[in-house]
Amino acid sequence: MDAEFENVVAHFPPLQFEDPAAQRATFAAMRATAPPPRLPEDVETHYDCSIPLGDGHHVPVRIHVPRDLAHDAPTLVWIHGGGYVVGTADEDDALCARIASDIGIGVVSVEYRLAPEHPFPQGLDDCHAVVSALVDAHRAGTLALLGTGKVVIGGGSAGAGLAAAVALRLRDERRFALAGQILLYPFIDSTLRSPSMTSFADSAIFNAHDAEVCWEHYLGDQRFAPPVYGSPTAATDLSGLPPAYVAAAGADCLHDEAVDYALRMRAAGVSVELHSFADVPHGFTGVAPWTTASRRAIAGVVDAIRRFSGLQEISPSTPALAAAREE
């Protein structure tokens, strides 16, 4: 384990996914006693926003926008992690606001429905509806807060899995509107067949048993022969997908499924940037964002979003990259 993470891992509260409702309550109690995140002063966060779904359901979102957002600014759709069963959009407020400030873009964070109460494809439908509204609509109502530029999708863990699934679904719908995808330590293989699922079965933060339980909640019996949009590694054709930035965590049971997906996209002609961060645990950018590896990864994310969006290359004065270069 990377020395900067040893203390983090040793004191990280134990997680369980057998009872997602109980784990959500534990997280809520932790957030209630934790100090609020420090957000950039130049970014406004709009809560209580929503995007309508065709079945009458409204998908809650929160929107982070710089006060001086350009009319034609790009938008990042961000999807939180949590094994498809736990997690909330507010856990990523600091990251989303930082990206909005550093790049000068709008960031839409999706509060999708969680399994097992809402199994596949309900959470996916929520994320797909938000992206569809952005790439198809004229930015009316809530979306008028955002710029009219390109759309990038991203997320961590299960959020990366949902981002990958949305990208596949849009491609199959012949809607080639996404400018890029950000996949941080993606949770995308319900068959649990990757080598690291065995070699790192007892990995810190999230292990092979946790993965199995989460897939059971999300896909049920389908996990053994999964639908493509439920488990993106089941896709046999990865051509035509948007460019990707993929980060794998070296001490993570999910490591090899991230690497395999990135290399398969590359073999299919997709432009892919793959980083394997040695000796760091699952979710490393979230559990310890101050560490060297996390700062490097987040700087890479910021740079990738800029390039996918057609903006100028990131400058050394940008906070995210400057912090990384100091190391």
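Reader: Which residues on the other side of α2 are exposed?
Author: This is a predicted model. Exposed here means over 50% relative accessible area. Two residues of α2 are named on that other side, Ala32 and Thr33.

Reader: Which residues of α2 are buried?
Author: The cut-off for buried is under 20% relative accessible area. In α2, the residues that count as buried are Pro20, Gln23 and Phe27.

Reader: What is included in the cover over the buried residues of α2?
Author: Contact counts when heavy atoms lie within 4.5 Å. Among what covers the buried residues of α2 is one helix, α7 (208–219).

Reader: How far apart are the end C-alpha atoms of α2, and what span should its residues give?
Author: α2 has 14 residues. At 1.5 Å a residue, they should span 20 Å. The end C-alpha atoms agree with that, because they are also apart by 20 Å.

Reader: What is the volume of the largest pocket, and how many residues line it?
Author: The volume of the largest pocket is about 1,600 Å³. Glu91, Asp92, Gly286, Val287 and Pro289 lie nearest its centre. In total, the residues that line the largest pocket number 44.

Reader: Which element gives the largest share of the lining of the largest pocket?
Author: Elements that give two or more residues to this pocket are α2 (20–33), β3 (75–79), α3 (93–103) and α9 (284–287). The largest share is five residues, and it comes from α3.

Reader: How much space lies in the largest cavity?
Author: Rolling a probe the size of a water molecule over the atoms shows where empty space is left. The count of cavities of 30 Å³ or more comes to one. The space in the largest cavity is about 40 Å³.

Reader: Which element supplies the largest share of the lining of the largest cavity?
Author: The cavity is lined by Trp78, Leu95, Ile99, Leu184, Thr285, Ala297, Ile298 and Val301. By class, seven are nonpolar, one is polar and none is charged. At least two residues each come from α3 and α10 (292–308). The largest share, three residues, comes from α10.

How values were computed: Residues are numbered from 1 along each chain as its sequence is written. This is a predicted model: local features need pLDDT of at least 70, side-chain atom pairs count only at pLDDT 80 or more; totals for chains, interfaces and linings use all residues. Side-chain values use heavy atoms; hydrogens and water are left out. On a 1 Å grid over the protein atoms alone, a cavity is a set of points where a 1.4 Å probe fits but cannot get out, and a pocket is an open set with protein on both sides within 12 Å along at least five of seven lines; lining residues have an atom within 4 Å of a point. Grid points are joined across faces, edges and corners, and a volume is the space filled by probe spheres set on the points. Helices (H or I, at least four residues) and strands (E, at least two) are DSSP runs, numbered from the N terminus. The expected span of a helix is 1.5 Å times one less than its number of residues. Buried means under 20% relative accessible area, exposed over 50%, partly exposed in between (1.4 Å probe, protein chains only). Ala, Val, Leu, Ile, Met, Phe, Trp, Tyr, Cys and Pro count as nonpolar, Asp, Glu, Lys and Arg as charged, and the others, Gly among them, as polar.
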